Amino acid sequence: MAYTTIDDPGLFFNTILYTGNGSTQSITGVGFQPDWTWLKQRSGSSNHRCYDSVRGATKQMYPNLTNAENTETNGLTSFDSDGFSLGNEGGHNENSQTFVSWNWKAGTTGSGTTTGSGTGQSYSYSVNTTSGISITTFTGNGTANHTIPHNLGVAPKYFVIKKRVGTGDATARDWNVYHDGFGNTKRIIWNSNGAVTTSSEYWNDTSPTSSVVNLGTNDQVNGNNNTYIMYAFAEIKGYSKFGRYTGINSRASSNKYPFIYTGFKPAFLMVKGDGSNQEFPMFDNKRETFNDGTLKSVWVNLNNSESAGYDLDLVSNGFKILNTGGTFNTNGSNYIYMAFAENPFVTSKGIPTTAR
């Protein structure tokens, strides 16, 4: 029996490392024209940057900050057939500094009018139903039960919504995250190490359906006539996983550190605990190419430079935690994760991949 529909995850997600040159350069080797690119300086403390094809190149946002969208003409200047081009802005391309970029492919574009209660508003999107990613810009209406089409065809397990800018209001807002593992009454925030919070004002206490996500009245996700970006993800067997696990910090004979099964060898992993003062680490298979229990991390919520030494291994069918700690293994704490594949554990032909 076939296990996955995606034998080559690199056609839809890829991590690329590069070194800045302080001038202009084209970053190649992605393997496709990306629709969402997220950049972070590894060797310095510049902010995260993300761009997508729906808002357009040069439209920059900062995943670790609450800032509004702004135009950076010397940042990411174009999405190209095998990558992207950069200007000379230091947070993207400082000379001799090292950078990481995470790239996702969407592709099918469209537009329409939102549904549900209140005034229908405009939205535009780029979606890939094969890999389960949807990038949507929309306008809020300030009314509970405002429903935003995601065009994935199945209910997303994970989505994040960020206010781009408000009418007459330059104040931006948090990166508000829904995760199926926490449910439709909870949200966490990319730009914070805070605990999960409960409120009906964000997801209207309603789980996403196969066609829409449901919003409450909070200005951070649905202010009247304010504009927003939403990145939504459906789970694709053997390619992506948006799960939850509980920390276990004892190695007694009856209690071992967690192993989390994903069904693939992760190429990218993001983790967040439900408690306060728990950072948002990000790992990938390009900054650390073999398992020695010392993965390199940057953090969604921080501009810190890359740090090594995290006791976690990426293996052929998931990830294995090797130590205790609040970042991803406090005893009894609940953690959510977001992972994308390097290789499926079993291909569409039913053939197991090689263990790492």
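Lys163 is buried, with a relative accessible area of 0%. In this predicted model, that lysine has a charged partner: Lys163 forms a salt bridge with Asp219, and the closest N and O atoms sit 3.0 Å apart. The two residues come from distant parts of the chain, with Lys163 in strand β15 and Asp219 in helix α3 (residues 219-222), 56 residues apart. Asp219 itself counts as partly exposed, at 24% relative accessibility, since buried would mean under 20%.

Arg55 is buried at a relative accessible area of 9%, and Asp52 is buried at 0%. Salt bridges also link up into a network, made of Arg42, Asp284, Arg287 and Glu306.

Now for the rings. The structure holds 37 aromatic pairs. Take Phe233 and Phe340: their ring centres are 5.6 Å apart and their planes are at 65°, so this pair is edge-to-face, given that planes over 60 degrees apart get that label. Phe233 lies in strand β20 (residues 227-233) and Phe340 in strand β30 (residues 334-344), so the pair ties together parts that are 107 residues apart in sequence. Phe233 counts as buried, at 1% relative accessibility, and Phe340 is buried with a relative accessible area of 1%.

Tyr245 and Tyr335 are arranged in another way: with ring centres 5.2 Å apart and planes at 10°, the pair is stacked, because planes under 30 degrees apart count as such. Tyr245 sits in strand β22 (residues 244-246) and Tyr335 in strand β30, so parts 90 residues apart in sequence are tied together. As for accessibility, Tyr245 is buried at a relative accessible area of 8%, and Tyr335 counts as buried at 0%.

Definitions and conventions:
Residues numbered from 1 in each chain as written. Predicted model: local features only at pLDDT ≥ 70, side-chain atom pairs only at ≥ 80, totals over all residues. Heavy atoms only, no water. Phe/Tyr/Trp six-rings, centres within 6.5 Å; stacked < 30°, edge-to-face > 60°. Helix = DSSP H or I, 4+ residues; strand = E, 2+ residues; numbered from the N terminus. Buried < 20%, exposed > 50% of the residue type's maximum accessible area, 1.4 Å probe, protein only. Salt bridge = Lys/Arg side-chain N within 4 Å of Asp/Glu carboxyl O.
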